[in-house]
Amino acid sequence: MSKINLLLSCSLFSLCLLISGCWDRIEMEERHFVLAAGIDLADEGLKPNQGPDVTRTETFVQPHGGKRYRLSLQILNLKPDGGGDDGDSKKDGDKKSYVISNTGQSFLEMTRDLLGQDNKDLWWEHLQTIIISEAVLKETGLKPIFDWFLRDHEMRWRVRVFVTPGEARPLLEYQPPSGDPGGIFFAGIMQNHRKDMHLAGMRTDLGWASQALDNDADIFLPRLELKDKVVKVNGTAAFNKDKFVGYLDDYAIKGTKFINATEKSAVVTIDSPDYPGGICAFELFRHDTRLRPHIKDGQVYFTLDISLIGNMGEMQEPVNSDKTSDPKYIRKLEVLFAEEVKDSALYAWRTMQAMHVDPFHLNAKLEAYETEAWEKLKDKWDEIYPTVPLVVSVNVTIRGSGEHK
Amino acid sequence: MANLESKNKMSVIQLAIVTASTCIGSQLIIGINKLVTEGGHLTWLSIILGGLLYYLVTLLMIKLGNEYPDQTLVSYMPELWGSFLGNIVIWWFALLFLLQIATILTGVRKAIVFFMFTRTPPEVLALGLLTVCVYCALQDWGTLLRIQQFIFFVATPVFALLLLVSLFNFNPENLLPFLPKKDIPKLLPTMLEGWNMFSGYEIILFLFPLTYHCQVSIAKALGGAFGCMTVAFLACIVIAIGVLTVNGVTSTLYPIMTAMSSVELPGTFLERLETYLVVFWIPVVFDTLAIFLWIPAQVLMQKKQYTDHRPWVLLFAPLIYFAGNILDSLKALDTADKVVTWLGLGFSLGVIPLSLLLLLWKNRGDKTCQK
């Protein structure tokens with residue numbers, strides 16, 4: 001064998017070293033993917049007669065802390081075809097996910113103890129959703145709950161976090177009509193926030209919550225509710241720093257999105273100006289929004305300049321009454337839509353001030369643009385914030401009237 | 001024109017590339033937190049001023065090198081300082097690199113284990129990385145030079161491109177205020193702390209005699225290298241703060257990784273982008289470690305008049321490995337970092353200017369004699 005052939009053979013043989021993979025690899029089917037985590041109070045959701053038994057089976061002896069939380073995990077079933085011959089096991093196996101729970105205080109300790117209920121290693125890299133029950137948030141702040149999720153390297157920053165007024169575990173057990181596992185389904189809902197002005201999907205995930213915690217800012221998390229097999233994200237849970245203070249309604253979310261410029265394709269409706277009972281809807285395509293702080297004679301105020309460009313999306317008016325080719329009528333509509341946006345923004349502003357929560361990061365804006373003034377104001381900012389006025393200026397431009405009049 | 005046949009020589013441009021490639025290393029991921037914690041909103045300015053300061057030190061090194069064009073510091077420092085002090089300077093120089101390898105290796109292995117190989121003992125990972133670095137440092141300068149150039153033009157740009165993906169979550173308002181008065185007192189300490197970012201430029205003292213002096217001014221070429229480094233570090237700092245805010249960066253151990261992990265590209269098969277960043281960070285660190293190992297081995301070779309630097313590389317390798325293991329605790333690593341920083345600052349801002357002053361003073365004496 002020539003020297004070149006020998007070298008070539010050795011080189012090819014050495015390639016085997018590269019395709020052997022890592023020594024510590026775990027095949028995908030050897031892991032159990034956690035898709036969603038639900039956090040309830042430890043005694044939440046247990047029937048009185050089964051409570052102690054279930055708790056005793058689920059949990060573990062804790063040398064420190066108390067049985068504060070019930071952590072439930074929704075785990076992806078990678079073999080949805082089941083495996084058993086009898087009908088029951090087949091039926092169970094058909095489920096794309098299953099739920100296991102544990103009670104304790106340390107989330108890390110609970111997740112490790114949950115391995116006693118599962119036959120494979122739990123893998124958190126595909127965690128999509130965290131659902132926290134309102135009852136938990138009335139007992140404790142977000143920081144102790146988030147701490148482990150933020151420290152562990154397997155967690156993603158874009159994990160969706162929800163607050164539910166009921167229990168979290170039933171939401172994990174919920175079978176979405178699409179057939180997707182719940183964790184993926186709920187996270188997918190939040191992807192629609194660009195088109196739905198009632199979904200607070202921007203800056204409300206684990207990463208943003210972490211950033212708010214780092215900056216001592218207020219946190220906002222979408223509210224997820226399950227009622228009679230209907231699941232909906234409606235409203236937002238507001239937190240003063242990490243303490244739960246209440247919910248914001250859909251209209252306040254809409255206004256907040258206008259102020260924060262997080263709307264992408266808003267729908268603005270008004271009553272038809274010429275036809276009582278009719279309704280006109282404007283569909284936003286593009287916007288330019290600026291929220292700026294000002295100080296005059298020691299008084300702080302903010303200006304909000306919004307410029308919206310879009311189409312007429314819908315006009316519920318009588319037959320053959322369309323006036324969209326009349327520039328005067330279009331101008332009239334533009335003014336009315338602008339008024340509506342202004343009302344919406346001011347409603348959100350006043351609601352936030354009344355609740356003493358700030359989703360607009362006004363303190364950060366003051367520090368950024370009026371640094372010297374902020375140094376004087378920062379100690380009394382909590383008192384000033386509820387009285388800070390907002391001057392709104394909205395300009396709406398209707399560029400088109402749709403395909404058909 | 002460089003003599004391409006000579007494997008132990010390089011052009012001025014190559015020296016600039018080697019300097020930039022050596023200095024850009026582990027700090028991209030493990031150095032940002034500390035610097036922003038120190039400098040707050042003014043970190044960007046500290047980096048620019050720090051770049052200028054350490055470039056000034058580099059100009060002093062060039063001045064020294066021009067006075068002894070064919071000698072390394074191993075031969076001219078004893079001439080300048082006398083035998084005893086000259087030897088101290090040489091040992092200081094060698095020790096600086098060796099300590100830096102130990103601290104970098106410890107920090108890097110922690111980060112790699114945390115993000116990629118959670119089940120691999122850090123000691124095993126350090127052993128692997130060190131083995132590759134030792135193998136590289138055993139080569140002659142020509143091989144090292146090509147590796148440095150290859151990594152500078154292949155791994156570093158890919159790292160930069162990947163980092164740019166985190167601009168998806170960039171919020172320019174997080175960088176404001178640009179010039180907060182309250183942070184001005186932090187400027188000088190952050191500039192000094194910034195030595196950790198630029199450290200490695202001291203190799204010029206040793207590589208100067210290996211450089212062909214052609215039409216391109218060495219000061220200009222190294223100015224370009226420092227410009228490149230400043231832009232790289234500035235980009236990392238601006239991106240980290242723009243994505244995470246100043247408080248976010250100070251709360252995160254590896255801000256660049258966190259900024260990357262906040263990016264999701266829906267609809268693509270690419271997930272966990274920060275892992276890709278680590279993959280391209282490893283060669284960037286590797287070339288720094290390899291040259292940091294090669295330099296003290298060469299220094300000791302010349303000092304002890306050996307004909308080969310390899311025994312010294314093989315001697316240093318286990319020492320570095322065990323030093324890295326000793327520095328494994330957070331407190332030990334922090335203390336070692338401080339020691340290295342002060343040693344480095346002492347060398348750059350003390351030894352180099354004093355050496356030049358000494359030289360000027362001696363030269364003046366010579367001129368007086370000539371008169």
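Which residues in helix 3 of chain B meet helix 13 of chain B, and which residues in helix 13 do they meet? The legends below begin with this contact and refer throughout to a predicted model.

**View 1. Helix 3 and helix 13 of chain B in contact.** From helix 3, the residues Ile32(B), Leu35(B) and Val36(B) meet Cys236(B), Ile237(B), Ala240(B) and Ile241(B), which belong to helix 13 of chain B. Sorted by class, this contact between the two helices holds 7 nonpolar residues, with no polar and no charged residues. Helix 3 spans residues 32-39 and helix 13 spans residues 218-244, and the two pack at an angle of about 75 degrees with their axes 11 Å apart. Because angles of 65 to 115 degrees count as roughly perpendicular, helix 3 and helix 13 of chain B are therefore described as roughly perpendicular to each other.

**View 2. The interface of chain A and chain B.** In this predicted model, 25 residues of chain A are in contact with 28 residues of chain B, and the area buried between the two chains is about 2400 Å², with carbon and sulfur atoms giving 47% of that area. On the side of chain A, the residues that lose the most area to chain B are His153(A), Arg156(A) and Trp157(A), which together account for 27% of what that side buries. Between chain A and chain B, 12 residue pairs are counted in polar contact, with both residues at pLDDT 80 or more. The elements of chain A that give two or more residues to the side touching chain B are helix 9 (206-214), helix 12 (362-369) and helix 13 (371-377), and helix 12 of chain A gives the most, with 4 residues. The residues on this side of chain A divide into 7 nonpolar, 5 polar and 13 charged.

**View 3. Salt bridges between chain A and chain B.** Across the interface of chain A and chain B there are 5 salt bridges, while the count over all chains comes to 25 salt bridges. In one salt bridge, the side chains of Arg272(B) and Glu125(A) meet at 2.8 Å, N to O. Arg272(B) lies in the loop between helix 15 (255-261) and helix 16 (273-303) of chain B, and Glu125(A) lies in the loop between strand 4 (121-123) and strand 5 (129-133) of chain A, so the pair joins two chains. Another salt bridge brings together the side chains of Glu173(B) and Arg292(A), at 3.7 Å, N to O.

**View 4. Backbone geometry at Pro177(B), Asp216(A) and Gln305(B).** Most residues other than glycine have a negative phi, and most peptide bonds are trans. The peptide bond from Leu176(B) to Pro177(B) is cis, with omega near -5 degrees, and Pro177(B) is found in the loop between helix 9 (155-164) and helix 10 (187-193) of chain B. Asp216(A), a residue other than glycine, has a positive phi near 60 degrees and lies in the loop between helix 9 and strand 7 (219-227) of chain A. Gln305(B), although not a glycine, has a positive phi of about 55 degrees, and its place is in the loop between helix 16 and helix 17 (310-326) of chain B.

Key:
Residues are numbered from 1 along each chain as its sequence is written. Chains are lettered from A and ligands numbered from 1 in the order in which they are written. This is a predicted model: local features need pLDDT of at least 70, side-chain atom pairs count only at pLDDT 80 or more; totals for chains, interfaces and linings use all residues. Side-chain values use heavy atoms; hydrogens and water are left out. Axes are lines fitted to C-alpha atoms, for helices over the stretch in contact, and angles run from 0 to 180 degrees between N-to-C directions. Angles under 35 degrees count as roughly parallel, over 145 as roughly antiparallel, 65 to 115 as roughly perpendicular and the rest as oblique. Contact means heavy atoms within 4.5 Å. Ala, Val, Leu, Ile, Met, Phe, Trp, Tyr, Cys and Pro count as nonpolar, Asp, Glu, Lys and Arg as charged, and the others, Gly among them, as polar. Buried area is the accessible area (1.4 Å probe) that two parts lose on being put together, summed over both. A salt bridge is a side-chain nitrogen of Lys or Arg within 4 Å of a carboxyl oxygen of Asp or Glu. A polar contact is a pair of N or O atoms within 3.5 Å; within protein, one must be able to donate a hydrogen and the other to accept it, and residues adjacent in sequence count only if both atoms are side-chain atoms.
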